[in-house]
Amino acid sequence: MTAPAGRFEQVGDTGAPVCHDGYCELPPQTETGDEVTTDEAAPA
Amino acid sequence: MSPTVKVDIWSDIACPWCFVGKRRFEQGAAEFGGEVEVEYHSFELSPDTPVSYAGSEAQFLAEHKRIPQPQAEHMLAQMTEIAAGEGLAYDFAALRHANTVLAHQALHLAKARGRQVELKERLLRAYFEEGRDLNRIEQIAALAADVGLDAAEVTAALTEDRYLEDVRADQRQAVEYGIGAVPFFVVGGRFAVSGAQEPAVFAEALRRAAQEPA
C-alpha cells in the first residue's frame, strides 16, 4: 500500500505489511522462519 | 535538545498488523531516544462487522470475506507466529470478532482524559490475547477502568455515542490523506510510514522529523 501521493514524504518500504478492507497482507514464512514480503492476501 | 516529535497513527483494534506495528514503532522510538507524542486516530477495517457475531475468526472470514476456512485458519496461524516474534500472544481461537466503532469512541474519550495510549494498548491486548468481547459496552468500560478511566463515564459516553462524530472526523481525514490501509504513521506532520515496518524505519523517520521540523 502506498503513501498518500504528494502530501507526505514516504520513509521505509512501501511494501510493508498492512491491513485494508478487512484483509491483511501476510508475508509467508521461509523454511528458516524469515518473513518474505509478497502480495499474498490474508484475513484481518 | 531535540523538539518533541508528534506522531499521528491511524489504526484499528481488529488489525493484527496494527499491534505488531505498534511494538515495532515503540522499539524504533526507543532507538530514536527523543521525546515522542503519540495520538491515535480511528480507522475501521470492517465497519460492516455485525455486533452479535458469535462464530470464530476463521468462520467469520469464511462467511463474510469468502476465504475458505482452512486457508483462513492457516493464515491466522501464520499471523500468530509473526506476532509471537514481537512478544505478542495472539489467540485467534479465543478472539471475539468485533465491530470496533465503540472501542474507537472510547479511545477518543481516553484522549480527552489523557489516557489514550494506555487504553489503546489495553484494548489491543484484550482483543488479540484475552478474547474479550469489544462489542459490549460493559467490557470496554471495564478495560477503560483498568487504565484509570471512569467506567460510568465510559458507559454513558458509549451508550449515547458522544464520540461518534470524532470517529467519523478521523475517518474523513484518512480519506483526505489517501490512507487506505493501516497501520499508518504520520511523523512530525511531514513524513509517512505505511505498515508494520521494521523499528529502524520508525527511528529514521523520527530522527528526520526532529532534524527537519515541518
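## Where the two chains meet

Start by colouring chain A and chain B separately: about 2900 Å² is buried between them, and carbon and sulfur atoms give 60% of that area. Keep in mind as you look around that this is a predicted model. If you wonder about that area figure, the size of an interface is often given as the accessible area lost when the parts come together.

Now select the residues in contact across the boundary. Seven residue pairs between chain A and chain B are in polar contact, both partners being at pLDDT 80 or more.

How many salt bridges does the rule find across the interface of chain A and chain B? There are two. To see a salt bridge up close, select A:E9 and B:R208, whose closest N and O atoms are 2.3 Å apart.

## Chain A by itself

Next, hide chain B for a moment and follow chain A along its sequence. The pattern reads β-β-β-β, with four strands and zero helices. Chain A has 44 residues, and 39% of them count as buried. Take the contacts in chain A between residues at least 6 apart in sequence: 3% of these join residues at least 24 apart. Chain A exposes about 2300 Å², with carbon and sulfur atoms supplying 48% of that.

## A helix with a buried face

Bring chain B back and select helix α2, residues 57-64. Which residues are buried here? They are B:E57, B:A58, B:F60 and B:L61. Turn the view to look down the axis of α2(B): its buried residues fall within an arc of 160°, so they line one face of the helix. Just after α2(B), click on B:R66, which takes a positive phi of about 60°.

## Last stop: a buried arginine

Finally, go to helix α5 of chain B (residues 116-128) and pick out B:R122. Is B:R122 buried or exposed? B:R122 counts as buried because its relative accessibility is 9%, and the cut-off for buried is under 20%. Show the side chains of B:R122 and B:E130, and you'll find a polar contact between them at 3.1 Å. Leaving aside neighbours within four places in sequence, B:R122 also has B:R132, B:L143, B:D146 and B:V147 among its contacts.

Technical notes. Residues numbered from 1 in each chain as written. Chains lettered and ligands numbered in written order. Predicted model: local features only at pLDDT ≥ 70, side-chain atom pairs only at ≥ 80, totals over all residues. Heavy atoms only, no water. Buried < 20%, exposed > 50% of the residue type's maximum accessible area, 1.4 Å probe, protein only. Helix = DSSP H or I, 4+ residues; strand = E, 2+ residues; numbered from the N terminus. Arc of directions from axis to C-beta. Contact = heavy atoms within 4.5 Å. Areas by Shrake-Rupley, 256 points an atom, 1.4 Å probe, with all protein chains shown as cover. Buried area = accessible area lost by both parts, 1.4 Å probe. Salt bridge = Lys/Arg side-chain N within 4 Å of Asp/Glu carboxyl O. Polar contact = N/O pair within 3.5 Å; in protein donor to acceptor, adjacent residues only side chain to side chain.
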